[in-house]
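Q: I have a new model open on my screen and would like to learn how to read it. Could you walk me through its features, one at a time?

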Amino acid sequence: MQINIQQTHHTIGDFDAIFTYIENLLRDNQGSEELFIFPELFLTGYPLQDLCLQRSFIERYNDFLEKLNALQDKLNPTLLLGGLDYEMDSEGLPLKIRNVIFEFGPKPLEPIYTKKLLPNYDIFDEQKYFSAGSESRIYQFRDKKFGLLICEDMWMSSMHSTDPVKELYELTENEDIALDGIINLSASPFYLGKDKTRLIRASEISTLFCCPFFYTNRVGGEDEILFDGSSFVVNGSSVTHRAKFYQPDILKIEMSTFSPVEKSLRALSDKVNSWESLFKANITENEQGQYRIPELSDQDCEEILQSLRFGIQEYAKKSGFKNFDVALSGGIDSALVLAVMKLSLEEDQNLEAIFMPGFFSATMSYDLSFEMCKKIGVKLTTFPIKFAHSSLRTQYQDVFKDPMEGLCDENIQSRLRGAILYARSNQRNSMVLNTSNKSELSVGYSTLYGDSVGAISPLGDLYKSEVFALSRYINKQYGEIIPVGIIERPPSAELREDQEDSQSLPEYPVLDTILEGLLSYRLSTKNLIEMGLDADEVSKVFKLYTRSEYKRKQFCPIIKIKAKSFGTGYRIPICKKN
């Protein structure tokens with residue numbers, strides 16, 4: 001008997017493409033007696049948010065299901081499809097919506113299992129939309145028996161009142177059933193370290209039930225959320241099959257190849273769950289006895305690079321962009337964004353860099369920008385803002401009888417650059433890539449409607465120290481495409497004479513450590529000071545952080561790289577008492 005894991009990649013709500021995929025699979029496998037397993041909510045896409053409540057979506061979905069059932073044929077293979085099961089009221093509006101596994105093949109679509117654990121943390125809000133299942137299910141296919149789970153069901157947590165793995169285990173014990181496999185349909189977002197966590201948990205469940213664990217995940221970039229695929233089969237402590245990273249793939253598994261698994265009850269006792277781990281501050285003590293965020297390994301950097309490239313392309317293609325613009329400043333953030341975009345660029349796409357010098361822009365900034373663009377073959381256009389800036393200062397004085405000085409004068413330079421960028425975007429229908437990093441955004445060290453503009457933020461979930469690490473990694477892998485001078489020069493916004501970031505902020509390794517403690521929700525200012533961090537710096541960062549939420553709230557989508565979202569999943573009131 002053969003099981004086929006279908007690691008698929010489709011746009012949310014693209015019912016025509018999903019129908020064609022199934023139709024082709026059925027046509028190519030006529031007469032097959034194999035089992036085909038698809039990801040969670042394969043029939044709709046994920047996450048749906050309020051889309052699943054819209055009447056037009058529901059009508060299109062129901063028409064799609066009817067069209068699918070018309071394909072029914074007794075010779076069809078059997079498919080396990082993730083989808084929505086609607087229960088409607090008398091007016092045709094959803095009374096209940098269930099996240100289910102449909103069986104489809106010789107019989108019409110039939111829901112055979114409903115997801116029990118509905119995650120309601122970070123980027124997830126499934127309890128707002130779905131009704132939870134209550135019954136465990138053992139699914140028989142031919143002479144084999146499988147336990148069924150959907151994504152979150154495989155995890156344990158003190159936040160949940162039920163434990164689907166434990167309940168499934170008790171069902172098999174009570175009925176004296178030996179399972180041949182556990183099947184998990186998932187739509188599991190990527191974050192750095194997630195793959196290792198999945199494999200550990202799957203191995204625990206496999207050794208609990210003494211059978212292989214089949215994990216099917218989707219591929220896709222949905223605004224800021226990335227689904228990396230990476231489907232697998234685990235048999236005990238062994239990973240027997242792996243699917244590709246960020247690519248559609250198919251795994252064909254012969255059931256006869258699995259060796260016996262020695263039993264372990266660990267999965268019933270451990271409290272391992274992605275929810276609790278989100279709030280763990282990623283801070284370690286280094287050799288000097290200082291608490292810092294850990295340095296990124298080469299493997300970390302490679303995963304981040306692939307994720308950013310995939311996320312940018314997904315957003316661009318699904319939004320209809322083929323042209324890209326980056327505001328190049330001579331600093332490391334914009335250089336890294338340009339490098340990542342260049343490495344992502346496809347044949348029919350166009351990338352241009354725009355250098356917009358002002359009164360305080362160093363000659364070195366242009367030289368380094370020119371050097372980088374020449375190295376990677378990207379057109380560099382220079383558009384000075386000093387003339388528009390001077391004119392605005394004069395007009396401002398004339399109108400308001402008040403000189404444009406200080407922060408007002410600094411920010412107008414950034415906003416002029418933002419206006420020029422979007423003029424160019426409008427002119428050539430290009431996608432502007434934001435160049436802010438997590439450190440600056442967290443403390444408001446960016447200008448609203450200025451350097452904070454962009455369609456999507458590749459670096460918004462990376463601290464400044466991680467920006468340096470990723471830049472060095474790219475240079476190591478791709479031949480120093482980012483000039484060393486950009487990496488080594490002191491960071492500066494160049495909005496006033498001799499300005500450097502260190503004049504306004506702690507050194508970035510310290511700033512990033514403080515921010516990691518605060519943004520994880522796990523550490524207070526008191527905790528951070530007790531760890532040996534300077535009290536004045538901690539207090540300063542906390543004040544900047546708490547006063548800057550209004551900027552982040554108006555920021556563009558941030559590609560999610562870390563466990564705790566810094567985009568839609570990070571929800572803090574703007575108006576509050578600190």
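A: Gladly. Keep in mind that this is a predicted model.

Q: What is L308 in contact with, leaving aside its neighbours within four places in sequence?

A: L308 is in contact with V340, P458, L459, L462, L470, I559 and I561.

Q: Let me turn to helices. How many residues does α2 have, and what does it reach from its first C-alpha to its last?

A: A helix can be checked against the span expected at 1.5 Å a residue. Helix α2 (residues 55-69) has 15 residues and reaches 21 Å, close to the 21 Å expected.

Q: Which residues of α2 are buried?

A: In α2, the buried residues are F57, I58, Y61, F64, L65 and L68. Because they cover an arc of only 125° around the axis, they sit on the same side of α2. What they pack against is α1 (15-28), β3 (78-88) and β4 (94-104).

Q: What about α5: is it mostly covered or mostly open?

A: Mostly covered, as 12 of the 16 residues in α5 are buried.

Q: What follows α5?

A: C210 comes next, and its phi is positive, near 55°.

Q: Now for charged pairs. How many salt bridges does the structure hold?

A: There are 30 salt bridges. Take R55 and E59, whose closest N and O atoms are 3.8 Å apart. Both lie in helix α2, 4 residues apart, which is about one turn of the helix. R55 is partly exposed, with a relative accessible area of 42%, and E59 is partly exposed too, at 44%.

Q: Which parts does the salt bridge between K318 and E222 tie together?

A: The side chains of K318 and E222 meet at 3.3 Å, N to O. K318 lies in helix α8 and E222 in strand β10 (residues 219-222), so the pair ties together parts that are 96 residues apart in sequence. K318 counts as partly exposed at 31% relative accessibility, whereas E222 is buried at 9%.

Q: And R428 with D325: are these two buried or exposed?

A: Both count as buried: R428 has a relative accessible area of 15%, and D325 has 0%. Their closest N and O atoms are 3.2 Å apart. R428 lies in helix α12 (residues 406-428) and D325 in strand β17, so this bridge ties together parts that are 103 residues apart in sequence. Salt bridges can also share partners, as they do in the network that joins R218, E222, E314 and K318.

Q: One last residue, please. Where does D461 lie?

A: D461 lies in the loop between α13 (438-442) and α14 (464-478). This residue is buried, with a relative accessible area of 1%.

Q: What does the side chain of D461 reach or make a polar contact with?

A: The side chain of D461 makes a polar contact with the side chain of K438 at 2.9 Å. The D461 side chain also reaches the backbone nitrogen of K562, at 2.8 Å. Leaving aside neighbours within four places in sequence, D461 is in contact with K438, E466, I558, I559, K560, I561, K562, K564 and F566.

Notes:
Residues numbered from 1 in each chain as written. Predicted model: local features only at pLDDT ≥ 70, side-chain atom pairs only at ≥ 80, totals over all residues. Heavy atoms only, no water. Helix = DSSP H or I, 4+ residues; strand = E, 2+ residues; numbered from the N terminus. Buried < 20%, exposed > 50% of the residue type's maximum accessible area, 1.4 Å probe, protein only. Polar contact = N/O pair within 3.5 Å; in protein donor to acceptor, adjacent residues only side chain to side chain. Contact = heavy atoms within 4.5 Å. Expected span 1.5 Å × (residues − 1). Arc of directions from axis to C-beta. Salt bridge = Lys/Arg side-chain N within 4 Å of Asp/Glu carboxyl O.
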